[in-house]
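Hi,

Here is the structure I promised to send over. Have a look at it first, and my notes follow below.

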Amino acid sequence: MTGYNYTILIPIIPLVMFLVTGLLGMKWKPIVSGLLGTVGMGSSWLLSIITAASYFFGGHHAEGFQTIIPFEMTWLRFTESLVIKMGVLLDPISVMMLVVITTVSFMVHLYSIGYMHGEKGFQRFFAFLSLFTFSMLGLVIATNIFQMYIFWELVGVSSFLLIGFYYQKPSAVAASKKAFIVTRFADLGFLVGILILSFVTKTFDFAQLTQPGTTIFGSAASMSFLGISAMTWAMTLIFIGGAGKSAMFPLHIWLPDAMEGPTPVSALIHAATMVVAGVYLVARMFPVIHFQAPAAQEIVGYVGGFTSLFAAVIAITQYDIKRVLAFSTLSQLGYMMLSLGVSGYGGEEGLGYMASMFHLFTHAMFKALLFLGAGSIIHAVHSNYMYDMGGLRKYMPITHITFLIACLTIAGVPFLSGFFSKDEILVAALHHNKLLFAIEFIVAGLTAFYMFRLYFSVFWGKDRHYHHTPHESPLVMTIPLMFLAFASIFAGYLPFTELVTSDKVGFESEMNYMVAIPSILIGFLGIAVAWILYKKESDIPAKLAKSWGILYTATYNKFYFDEIYLFVTRKIIFNYISRPIAWFDRHIVDGFMVGIGTVTEKASYKIKGMQSGQLQHYAFAFVAGALALALFMIYYLM
Amino acid sequence: MNVFMFYLFSGIILICSLLTITTRRILRAAVYLLCVLLSTAGLYFMLNYQFMAAVQLTLYAGGIVVLIIFSILLTHHITHRFKHPDLVKLIMGVGTGVIGIGLVLATIFSNSFQPASVQELPVDMTVIGTQLLSTEKNGYVLPFELISILLLAAMIAAIVIAKKEKNKNTEI
Amino acid sequence: MIQGIPLEHFLVVSTIMFFIGVCGFIIRRNLITMLMAVELILNSVNINFVVFNRYLYPDQLQGQFFSLFIVGIAAAEASVAIALIINIYRKLKNIEVENVSELKF
């Protein structure tokens, strides 16, 4: 293995591009910023591929992959033991994430040159894209949990900037605020979890925390709070931070609204990279969670399972293309979390871990493809809503074919990548928790159904009369689509079980036909139902919707969670907590300060009266003072 | 005899000084002041300080009181009666006075003064004159000169302050 | 030394006269009556000095000379005070002490 020192360039190049396009972008023609951003991203992508090839396929790895730290520096030193370092950590999951992030980001950059053409904030967009990529890369190569937290926050900021890109639209501003506040709220839990963890173990470092057979948790056994052990608290709180970023229930409310951002942003951030940061965090802390806080691992599994079911049910009724895809993302993230929740450690036991990472990889590819395809459709039709579309297969062939490939992948059709990764998750769930397996099985069917509902409504269905004929997108937009379709098909054949595992030692695995056949069947069942209802125009869906009645309306309104949150914040928190605190601040804290001023003013007014200018007052003061002094000196001092 | 004269003089002093500060007509106040000064001169005569008594009579009674009466006539309606002083001032003044008297008398009576038994010096004009102009021990030529400068300064100040534009006022 | 009259009696007289003068200075509203009260104070101090001289140090004349000088200074001070009073009367047309409060804040 040659030195991996060049890996520090992978995040640095996007940072430089951010600074250059951010500061100087307005001086040049917009296309220059776009090209700079894309070229920078392309070079990062090449470096990641080289790193991955050299890490995974170069050299001898019988005893497992090593954790390599090519670069580390001390950033902030508080005391002897409390040091915050910044560095680059290379191990199987971080190298895999490098490949995912740079690939998707590169494709999104290329796509945006076409999609954002003519927009007013073109340079700003590319600057923010580079900033986001830098933050995300910094997050995945973090050597210690504090560095990860710093980049975590940076990712949140970049996401805020990108969701609120159309800052003159009030809905976009509200959505970006919501995303930031919800994730920030979850990050509070994350920070407290970090503090508890570092208090117990006296270190922030990942290498030390996840080393097998480590003894730094010895002191944790005796600590507990309210009957729950300290490590469970720490890990649950850290998971809450991850749940915020990955939009697990009940912190899922920001993700559908985040679709206000431009579609390439949705592809990059809300499908492929930022939302998997939570999953990545749990995977990174996996040995700690598995061995020190098994209760937290159960929580992870159940939250993931519930979220995937919840989101899949809502996705069935939505009309906005991007909302359907957003809920689909939520559902797939639920899959990944669940898989981590049911995983063991080491070899075959660690199947869930491997499956989660595998699904992360494949999901990034096909979800990005779905979003970019949706962007292409929206660009052509100028509307987000399914009822404005239909019969598009005649006008946009390339988009049609790539979108179809992505839908087939997500539905779990055999020989495409989605089938392999989803299957491994189902096998892992079956071995550990039958209930979660059942949930995931049902969700697989629902996934196929709503994705093909989307596909048929857009590309088949009724032939609408369009105002201007939709045309296929330009080459710069379709090339990424084709590349991602290619990746979706063939990524499933990567030998993940040998490369990315819980204890970094590869293992062999085979197809489990007991699980594979039923899952294929239920996928086809979903596709068939969607075919019947949506391929040709019919009124069966409307009649079905009416017959479900209240349940349909509740699902359509996302089970009213947004309303509940708004109610709680506005009526309860604002009225009963914020108002008294504001009153306290205004009247007591400020009042105290003002009171000091008023008291001083009044006292000085009274004291001012002593300078009355009246001769006799002065004489009186003089004589009285002399008498008092004489009294004091004669009778007290002598 | 001495004792009787002493009580007479001190009675006059105290009563007239009280009347000076409480009377409502200003000319009467000046007259009461005159009585106080005359009685003080009487006390000096009793103590065998004739020169001192003479100076008191000449300067104080004959100079300053006359000066005061002149200024009263220049600046006042003689028949004008004073108003009663207001309560705050009254309390301030009387309080200070009473407390002061109490304190000082307590101090005086807690100390026992021993009259000296040294032979007293006969005080007549030659002694005063030589002592006033001598520079040896017990010589007062320096204060004498300073007083004369002070009187000169006071004269010039009084003239300058009270001067009218055209007319000249000659005081003292 | 006068037979039969102890020193303290003289001191009582002068003390009471002194504080009557202080009282008068604070109570009175007219500048000229305030001046008269000041003369009372000065006189009481004179008596004090003379009496101490006669009773405690009969072979020296310090008390008497001091009193002499006090009389001289009192005369000078009274003349300047009268000049000031006349000036104030010309400006303000009356000589209430409340009107001369230029040192007020």
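**Helix packing in chain A**

Helix 13 and helix 18 of chain A cross in a left-handed way, meaning that the near helix is turned anticlockwise from the far one by less than a right angle (clockwise would be right-handed). Before I go on, a word on conventions: this is a predicted model, where local features need pLDDT of at least 70 and side-chain atom pairs count only at pLDDT 80 or more, while totals for chains, interfaces and linings use all residues. Residues are numbered from 1 along each chain as its sequence is written, chains are lettered from A and ligands numbered from 1 in the order in which they are written, and side-chain values use heavy atoms, with hydrogens and water left out.

Back to that pair. Helix 13 of chain A spans residues 294-315 and helix 18 of chain A residues 434-459, and they pack at about 30° with axes 9 Å apart. Helices here are DSSP runs (H or I, at least four residues), numbered from the N terminus. Axes are lines fitted to C-alpha atoms over the stretch in contact, and angles run from 0 to 180 degrees between N-to-C directions. Contact means heavy atoms within 4.5 Å. By class, this contact has 11 nonpolar, three polar and two charged residues. For the classes, Ala, Val, Leu, Ile, Met, Phe, Trp, Tyr, Cys and Pro are nonpolar, Asp, Glu, Lys and Arg are charged, and the others, Gly among them, are polar.

Helix 5 and helix 8 of chain A pack at about 25°, with axes 12 Å apart. That makes helix 5 roughly parallel to helix 8, and helix 5 passes helix 8 in a left-handed crossing. Helix 5 of chain A puts A:Ile145, A:Trp152, A:Val155 and A:Gly156 into the contact, and helix 8 of chain A brings A:Ile238, A:Gly241, A:Gly242 and A:Lys245. That divides into four nonpolar, three polar and one charged.

**Between the chains**

How much area do chain B and chain C bury between them? About 7300 Å², with 76% of it on carbon and sulfur atoms. Buried area is the accessible area (1.4 Å probe) that two parts lose on being put together, summed over both. The contact has 86 residues of chain B and 71 of chain C. In chain B, the residues losing the most area to chain C are B:Ile21, B:Leu47 and B:Tyr49, together 9% of what that side buries.

Chain A and chain C bury about 1100 Å², of which carbon and sulfur atoms give 69%. Chain A gives 13 residues to that contact and chain C 15. In chain A, A:Gln614, A:Leu615 and A:Gln616 lose the most area to chain C, together 41% of what that side buries.

Over all chains, a search finds nine salt bridges (a side-chain nitrogen of Lys or Arg within 4 Å of a carboxyl oxygen of Asp or Glu). Chain A and chain C have zero between them, while chain B and chain C have one. B:Lys89 and C:Glu98 form a salt bridge at 3.7 Å, N to O. In chain A, A:Glu260 pairs with A:Lys169 at 3.4 Å; these two sit 91 residues apart and link distant parts of the chain.

Most residues other than glycine have a negative phi, and most peptide bonds are trans. Against that, the peptide bond from A:Phe249 to A:Pro250 is cis, with omega near -5°, and A:Pro250 is in the loop between helix 8 and helix 9 of chain A. A:His382 has a positive phi, near 60°, and lies in the loop between helix 15 and helix 16 of chain A.

Cheers

Conventions:
Parallel < 35°, antiparallel > 145°, perpendicular 65-115°, else oblique.
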